[in-house]
Amino acid sequence: MTESLARFGRTGIAFIFGSVVIWILLLILIPHIMLLDYAFHANPGAIKKGIASEGLGFYSFGPLFDPQDDLAFRTFLRTLLTSGVITILALMVCYPIAYYLAKVATAKWLHILMLCLLVPFWVNEVLRAYAWRTLMAKQGLLNQLAAALGFTPVEYFNYELPILDANIALFVGLIYSYILFMVFPMFNAMESLDRNQIEAARDLGASWARVHRKIVIPHAKPGIASGCIVMFMLCAGSFIVPVLLGGKSSFWFTQAIESQFSVLNWNGGSAYALVLELVCLVFVMVMMWVFRVTLRDIAR
Amino acid sequence: MKYPDALLKWSIRAYLAVFLGYLLFPLFYLMLLAFNNSRIPTHRDFHFTLSWFGAAWADQRMWDGLYTSLLIAVVVVVLSIVLGLGGALALVRLEIRGKSLLYAVLVSPILAPGIVLGISTFIFWSQQVGLRASWWTAALAQTSFIAAYCMLIFIARLQRFDTTLEEAGLDLGANPRQVFWRITLPYMRPAFLSAAGLAFLQSFENYTTTYFAIGAEQTFAIFIANKVRQGVTPAVNAVAFVLVAATIAVAIAAEIRRRGAASRALEAARLAQQADVEIAGALRPQEVPSR
Amino acid sequence: MANDLDFIDVVKRFGGFTAVRNLNLTIKQGEFFSFLGPSGCGKTTILRMISGFIEPSEGDIRLGPRSLAGLGPNVRPTALIFQNLALFPLMTVEQNIGFGLEVRGMPPAERRRKVDAMLDLIALPGYAKRRIDELSGGQKQRVAIARALAVEPEVLLLDEPLSALDLKLRQHMRAELRAIQQRTGVTFVYITHDQSEALAMSDRVAVMSQGCMEQVGVSAEIYNNPETAFVASFVGENNLFDGRIIAVGNGEAQIETAFGRLTGLNPRGVQAGEEALLFVRPERLRLQPPAGGFYNTIASTVVGEVFEGILVNISLANPTGAPVTLTMSNDGEVPQIREQSPIEVHFATADARILPRSITAHD
């Protein structure tokens, strides 16, 4: 500590500490404690009606686990399942892309390709969802093409995928919106792999499958974990994409939160938000355990 | 090249092309529709027009939303850089215990869903403290995770900092404050620039966190979303066209700048190598082979 | 004003580890002084204590009458040339050299004059506006020296500055450093593990081992008259024969070794019956007996002959240790020698040195 004092002087240390403390307290800790506080209390309306008690309790979480009305629970399940499936799908789709960019593409092409990827990445998610809404409209381009090729037009907004219970438009829209968040972390992780290692393995006779399994994937694990976490979190927490593409029956959990807020049930909304956050936290920890990475490895 | 290897290579390239097409096509379609003289956004019966750009330009609410977004973005950039720098310095340069915990806490907003950040900020400031939620609550909510991104950029840059440079500064007579302002901060300049760019971008295009924290006000992104929800004319596409075109322009400009810097660095290294060879007396200048 | 650098009973400990033991030394003002030793001998610690980045655990360092204790590195009249040079990469040559002057508040016009004078000193006139990453290794060295000398320190500290350069450049820079030191008259304190460097450049050399100063003196003295076994073996090459002293007298001693009885000078006064080591330099071994004076003879077989350009090294078998080496210059009279053939080499008694067996002077 004394060496730092010598390096930075008293004002320097004050600045550093001050900014960190303000950041943690005002922006992270206290709002979070408030969220917890609201989530574990019942909303004033229910208290007035006598259905709920005033102190700490699980009342606000109730509707989610209500056996009589499972709408909230089904929404929750749909959100988690779909996000999970999308994450896995995105992982499989993006792995070859990330590998190609990191190890195969020449420097000249790499820069051009990265530009091509960064432009959609920087475009607003609202616009990205809107683009698909236009494409998938009943008389939209996709259905036109389908008709021209002789297929029946698809009701993208009404056709629910089995098990997932989410419609196609939403499924495709979510993938499209967030897939680049899977590519970049994996790319970053793979880039640091020394190409010589791969060449050495090939030289010693390893097949491509083995090279990937034994060399590339272990090295890229932090990137894979990071990509999966971000992908899942963005899908599960996505709001505008389900609003624009969800249609009538693919209700998303974030929309359930909003509907609580729209009737001023801050407590109910907080409770749901907390549940969502807990799920994401569990997912992060599972990823960290499965891939055996630490927090420092994940943060890009 | 062996046959299966070549096949593999070309199939990956085709895969990549399909992927890129999948990413880029919807955007271009979006932009194309801005020019069609039709009541709803569609490509059918295409008649070229620029009138939708005019319609968008005339929409006052769009300008209001743009102003709010820029205001929030500027505040977020400044706050995020200051806080991010403090966090980075604390984690990299200070000797304190519990660094792992500190790191986890500061980085946690990145791993939390945006809706939770927006809600918690809203609940705290609007419900508990009692102030009306508006652009500044959105700014605070965004800062919680954007500052973390900035911090990560600063940490990466700081870790590569050669601390003997600071020792040299001290040794030559500078006090710690002078060392910080003249040696450490200038080194951070590239990191400041990329952090500012990243922060601005993330703030400007953020939807979910902002929506839940801002209360009744509108940012640019919220404006667009509302327009899309309500019922759409190609005016939205006109706006989209401008946005995407601006993004492409910025990306190209950044690339040009990067190429210039790279070639300058290459030339400088070549000159330096030549000078050393001369000093060593191994070769006379005329004998140095040119590339 | 002559301010000598004095070390008075200086000790430095890091936890349980003693890096520098009881250093007592005076470095004269204007001297080119080197600390020579292997890694871990404490020379870097000494340098950092002089510059102010660490303080001694015990004892005092004084410059002239003034103690340096408690003074931070930015206050001391010392300047350090770092091993990696630590030139400020985002600044020009001019800004680097002028940095120390700028933080002292020197006005720009005066600064520019001083910087130009420095550039002349290091023979890089006109390089003021160049950026650091455009310079070669040798040029960067010189800029680092100019930057340190610009603040007119009383003591200039150099931390193995030439170790990263390749051979020809290093030899060139040695001469330059020496010339600059003599021109400016500043005290240079130089640390290195390269003994030919230390011997060539310095007025005096201190040989360090494990925190202790084994010997201090001028180069010729250190090389020709080593006082401990460590100095004898670390500085230059040396052949080593161990055995027991049989007889002592007249400043000489006779030692019973695996090669028979050998006689050498006995500067440390080793007693009869003690275990000791006899050292003789490879260049003092001869294929012919020296004319006049007493000499020793060693009989062995040739193990190898290595041609190194200027020198030729002939190795002889040694049943009890490393091969005995004879070094002769490639003067056209090198005989053809076959491996495994028997050979006799000779050396004058005056060229051999008998020293006690302890590793350091303080065992």
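In this predicted model, chain C holds an open sheet of four strands in the order E17-E16-E15-E18, with antiparallel pairing. Strand E17 (324–329) and strand E18 (342–348) of chain C stand at the edges. Each has a single partner strand, so one side of each lacks a neighbour in the sheet. On average, neighbouring strands of this sheet are turned by 50° against each other, direction ignored.

- Strand E15 (residues 295–307) of chain C runs antiparallel to E18(C), and seven bridges join the two.
- C:Asn296 is placed opposite C:Phe347 of E18(C).

**Six-strand sheet of chain C**

- A second open sheet of chain C has six strands, ordered E6-E7-E8-E3-E9-E10.
- Its pairing is mixed.
- Strand E6 (78–81) and strand E10 (212–217) of chain C are the edge strands, and each pairs on one side only.
- Neighbouring strands here are turned by 20° against each other on average, again with direction ignored.
- Strand E7 (residues 155–159) and strand E8 (residues 187–192) of chain C pair in the parallel sense, over five bridges.
- Within that pairing, C:Leu156 has C:Phe188 in E8(C) as its bridge partner.

- Strand E1 (residues 5–14) of chain C is joined to strand E2 (residues 17–27) of chain C by seven bridges, and the two run antiparallel.
- C:Asp6 has its bridge partner in E2(C), namely C:Thr26.
- E1(C) and E2(C) form a hairpin, with two residues between them.
- C:Gly15 lies in the turn and has a positive phi of about 65°.
- E1(C) also pairs with strand E4 (residues 58–63) of chain C, in the antiparallel sense and over five bridges.
- C:Phe7 is bridged to C:Ile61 in E4(C).

**Helix pair H12–H13 of chain A**

- Helix H12 (residues 253–262) and helix H13 (residues 266–291) of chain A have axes that come within 7 Å and cross at roughly 160°.
- An angle over 145 degrees counts as roughly antiparallel, and H12(A) is therefore roughly antiparallel to H13(A).
- The crossing of H12(A) and H13(A) is left-handed.
- H12(A) contributes A:Phe253, A:Ala256, A:Ile257, A:Gln260 and A:Phe261 to the contact.
- H13(A) contributes A:Trp266, A:Gly268, A:Gly269, A:Tyr272, A:Ala273 and A:Leu276.
- By class, this contact has eight nonpolar, three polar and no charged residues.

**Helix pair H3–H4 of chain B**

- Helix H3 (residues 60–92) and helix H4 (residues 99–111) of chain B pack at about 160°, with their axes 10 Å apart.
- H3(B) and H4(B) are therefore roughly antiparallel to each other.
- H3(B) passes H4(B) in a left-handed crossing.
- From H3(B), B:Gly87, B:Ala90 and B:Leu91 take part in the contact.
- They meet B:Lys99, B:Leu102, B:Tyr103 and B:Leu106 of H4(B).

**Domains of chain B**

- The domain assignment of chain B gives domain 1 (1–35 + 234–291) and domain 2 (59–233).
- Their C-alpha centres lie 29 Å apart.
- Four residues of domain 1 of chain B are in contact with seven residues of domain 2 of chain B.
- The domain 1 side of this contact has four nonpolar, no polar and no charged residues.

**Domains of chain C**

- Chain C is divided into domain 1 (5–229) and domain 2 (239–356).
- Taken over C-alpha atoms, the centres of these two domains of chain C are separated by 38 Å.
- Domain 1 of chain C brings five residues to the contact, and domain 2 of chain C brings six residues.
- On the domain 1 side, the residues are two nonpolar, two polar and one charged.

**Contact of chain B with chain C**

- This contact takes 24 residues from chain B and 26 residues from chain C.
- On chain B, helix H7 (163–171), helix H8 (176–205) and helix H11 (235–279) each supply at least two residues of the side that touches chain C.
- The residues on that side of chain B divide into 15 nonpolar, five polar and four charged.

Key. Residues numbered from 1 in each chain as written. Chains lettered and ligands numbered in written order. Predicted model: local features only at pLDDT ≥ 70, side-chain atom pairs only at ≥ 80, totals over all residues. Contact = placed C-beta atoms within 7 Å. Nonpolar A, V, L, I, M, F, W, Y, C, P; charged D, E, K, R; others polar. Domains from an automatic or database assignment. Pairing = 2+ DSSP bridges. Axes fitted to C-alpha atoms, helices over the stretch in contact; angles between N-to-C directions. Parallel < 35°, antiparallel > 145°, perpendicular 65-115°, else oblique. Left-handed = near helix turned anticlockwise from the far one by under 90°.
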